[in-house]
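Biologist: I would like to go through the labels attached to this model one at a time. Please set each value against its criterion before drawing a conclusion.

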Amino acid sequence: MALVSETFTPAVNGVVTSVLRAADHLALRGHEPVVVAPSGQDYETRCGAVVPVHAVRSVRLPRYRELPLAAPTGEVGELLDRIRPDVVHLASPAVLGSAAARAAQERGIPAVAVFQTDLAAYAGRYRVPGGSTTTWRWLRALHDRTALTLVPSTPTMAQLRRHGIGPLALWARGVDLQQFAPGRSSAAVRARLVPGGELLVGTVARLAVEKRLHLLGPLSELPGVRLVVVGDGPQRRTLQRALPRAVFTGRVVGEELGDLVSSLDLLVHPGADETFCQAVQEALAAGVPALVAASGGPLDLVRHGENGWLWAGDDPHVLAAQVAGLRDDRLALRAAAGRARASVSHRTWGRLGDELIGHYDRVLGRAQVHPSPPDPRSVDQGCAELRPPAPDLRQEDGLCGTP
């Protein structure tokens with residue numbers, strides 16, 4: 001499988017995470033994943049397999065220097081000739097993905113596109129010439145060259161159908177149930193951020209225009225509430241001026257991110273253009289209820305009044321009022337927290353990885369086949385699959401490594 005990604009390591013974002021997890025699971029199942037991206041180096045998966053990374057020529061955006069993007073060249077076709085994949089996987093296809101889709105079609109290789117970024121909405125927000133109408137026309141042409149488009153949520157599927165893109169299938173995202181768990185809540189983190197016992201409200205996002213983080217202004221001024229903004233991006237300085245009372249952590253990853261998210265009382269995400277929103281799913285896995293814009297992918301994750309709350313409209317004062325209500329009703333907050341993890345605990349990367357292989361088999365016109373018969377326990381246990389079951393969160397999430 002050639003996994004063609006618009007961004008890759010060292011960048012940290014949802015696309016990179018999905019590609020890494022897909023490659024890990026494909027290698028675990030005995031397949032041969034190869035990554036084609038504008039950055040990155042060969043790496044070893046959690047199970048010890050080496051995944052080759054072919055870096056194509058790239059450019060850097062003037063206002064986003066840390067994010068290399070593929071340059072529009074013909075080298076991807078040459079790479080496919082060398083790799084000779086059975087399937088081309090297009091992760092959030094744009095410039096590189098479009099070139100790969102064309103090259104795969106010319107060579108008779110089925111391509112599976114993973115729709116992960118609402119480029120049409122971004123075109124409108126960033127005032128790209130032609131706006132969303134031109135972008136949708138371009139996206140239809142790109143996806144017409146593929147055998148199947150995978151979408152992460154039912155609202156996104158409905159959106160793509162309205163714009164004439166298909167065939168479609170649902171493929172969500174997995175969540176690391178070890179990294180994000182209620183037991184990781186840290187007294188030290190809370191003592192540092194809310195020494196007075198304030199309501200600890202966090203948002204985890206790339207600090208960019210499309211996330212609409214400026215709408216957190218009234219919320220950040222609420223008495224008894226401390227807002228922590230986790231992430232980095234081109235809008236960081238602007239947001240620090242707009243939200244002077246908020247704590248900005250910069251980019252946080254790995255175990256530190258798990259501890260921080262699990263220590264929150266509430267996650268707030270004001271973005272309206274999310275196709276899925278992994279940050280919301282990770283918070284729920286950590287037992288943290290979420291308050292989200294009633295739009296896009298989070299509608300598949302958040303059930304109003306059960307594991308979180310929906311914010312309708314664009315009025316930041318309404319959002320602040322909802323947070324103030326939760327500040328004053330800790331029983332409702334705790335009840336939602338108690339239901340949060342169970343609402344996403346079935347979404348392990350192991351299960352999602354096998355679903356992905358099933359979609360590959362579909363476009364290859366065959367029944368789902370594994371290189372070797374899977375052990376019944378293996379779906380969610382990764383490299384630990386042949387060990388006796390044990391109450392270890394790594395096994396619950398399909399991770400590799402020794403318990």
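Modeller: Two strands count as paired if DSSP finds at least two bridges between them. The model is a predicted one.

Biologist: What makes β9 and β10 a pair, and which residue stands opposite V114?

Modeller: Strand β9 (residues 111-114) and strand β10 (residues 148-151) share three bridges in the parallel sense. The criterion asks for at least two, so the two strands pair. Within this pairing, V114 has L150 of β10 opposite.

Biologist: What is the strand order of the open sheet?

Modeller: Its seven strands run in the order β5-β2-β1-β8-β9-β10-β11, with parallel pairing.

Biologist: Why are β5 and β11 said to stand at the edges?

Modeller: β5 (53-55) and β11 (168-170) each have a single partner strand, so one side of each lacks a neighbour in the sheet. Neighbouring strands of this sheet are turned against each other by 25° on average, direction ignored.

Biologist: How many aromatic pairs are there in the whole structure?

Modeller: The search finds two. F8 and Y43 form a pair that is tilted, with 6.3 Å centre to centre and 50° between the planes.

Biologist: Why is the pair of F8 and Y43 called tilted?

Modeller: Planes under 30 degrees apart would be stacked and those over 60 edge-to-face. The angle here is 50°, so the pair is tilted. F8 lies in the loop between β1 (2-5) and α1 (14-28), and Y43 in strand β3 (residues 43-44), so the pair ties together parts 35 residues apart in sequence.

Biologist: How do you know whether F8 and Y43 are buried or exposed?

Modeller: Buried means under 20% relative accessible area. F8 has 1%, so F8 counts as buried. Y43 has 17%, so Y43 is buried as well.

Biologist: What makes the pair of F115 and W136 stacked?

Modeller: Its planes are 10° apart, at 6.5 Å centre to centre. Stacked requires under 30 degrees, so the label applies. F115 is in the loop between β9 and α4 (119-125) and W136 in helix α5 (residues 131-144), so parts 21 residues apart in sequence are tied together. Both F115 and W136 are buried.

Biologist: Why do the buried residues of α13 count as lining one face?

Modeller: In helix α13 (residues 330-340), L333, A336 and A340 are buried. Viewed down the axis of α13, the buried residues fall within an arc of 70°, so they line one face. On the other side of α13, L331, R334 and G338 are exposed. Among the packing partners of the buried residues of α13 are β12 (199-204) and α12 (316-327).

Key:
Residues numbered from 1 in each chain as written. Predicted model: local features only at pLDDT ≥ 70, side-chain atom pairs only at ≥ 80, totals over all residues. Heavy atoms only, no water. Helix = DSSP H or I, 4+ residues; strand = E, 2+ residues; numbered from the N terminus. Axes fitted to C-alpha atoms, helices over the stretch in contact; angles between N-to-C directions. Buried < 20%, exposed > 50% of the residue type's maximum accessible area, 1.4 Å probe, protein only. Arc of directions from axis to C-beta. Contact = heavy atoms within 4.5 Å. Phe/Tyr/Trp six-rings, centres within 6.5 Å; stacked < 30°, edge-to-face > 60°.
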